[in-house]
Amino acid sequence: NIYLLFISYTLGFISRRNQFERAKVLESIGSSLVKEKIHPVLQSYFLSSLVFLRDFEGKPVARDFLIKETLSVIDKKSPRYRTIFYNIAVLLSLLGRLKDLDKEDLELIEKPLNDQHEYICSGMKMDNAIILGNYEEGYQYVEYLKKSFKGGDAYSIRARICILQILSGDF
């Protein structure tokens, strides 16, 4: 079980570095482990790492299939569901596709459990707005994050402000 967790974690790093041959080896090992009796949370974590691998490979159909599979493996009542879901939702927000989520999952973004989740969810909504070109909505989230989370990720917020300024024609 810990080995699968290690493989999943490593897949994320090598995918970001476009080391697809190494990723395929780890995917093969991980897939053989998942065939055994593995806890659904670990299966889901492994599948979510494959979602990102498919995204980096430029395979959107396979990525979208794995997104559905990832979220279906783990029980929505599991305490780890939000973690897996937020991981997937961040990717969807960067694709401007939060609206593709089902109503129950969208509610998890609209009703976060705590300040950390609120920060993550607001960031997702801001990114989604930026990708869709809704710069006014994006600015609202920037202001909300700056006001509500003083000392938060200032660099990330500044980068998003720059993108919003470009989108709004304010070079």
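Reply: Let's zoom in on R82, which is buried (under 20% relative accessible area, with a 1.4 Å probe and protein chains only; exposed is over 50%, and partly exposed is in between). R82 has no salt bridge, meaning a side-chain nitrogen of Lys or Arg within 4 Å of a carboxyl oxygen of Asp or Glu. The nearest side chain of opposite charge belongs to E107, 7.8 Å away; here Lys and Arg count as positive, Asp and Glu as negative, while His and the chain ends are not counted.

Before going on, a word on the numbers: this is a predicted model, where local features need pLDDT of at least 70, side-chain atom pairs count only at pLDDT 80 or more, and totals for chains, interfaces and linings use all residues. Residues are numbered from 1 along each chain as its sequence is written, and side-chain values use heavy atoms, with hydrogens and water left out.

So where does R82 sit? You'll find R82 in helix α5, residues 81–94 (helices are DSSP runs of H or I, at least four residues, numbered from the N terminus). Setting aside neighbours within four places in sequence, R82 is in contact (heavy atoms within 4.5 Å) with L108, K111, P112, L113 and H117.

How confident is the predictor? The protein chain averages a pLDDT of 89, on a confidence scale from 0 to 100 for each residue, and 96% of the residues score at least 70.

Notes: Helices (H or I, at least four residues) and strands (E, at least two) are DSSP runs, numbered from the N terminus. pLDDT is the predictor's confidence in each residue, from 0 to 100.
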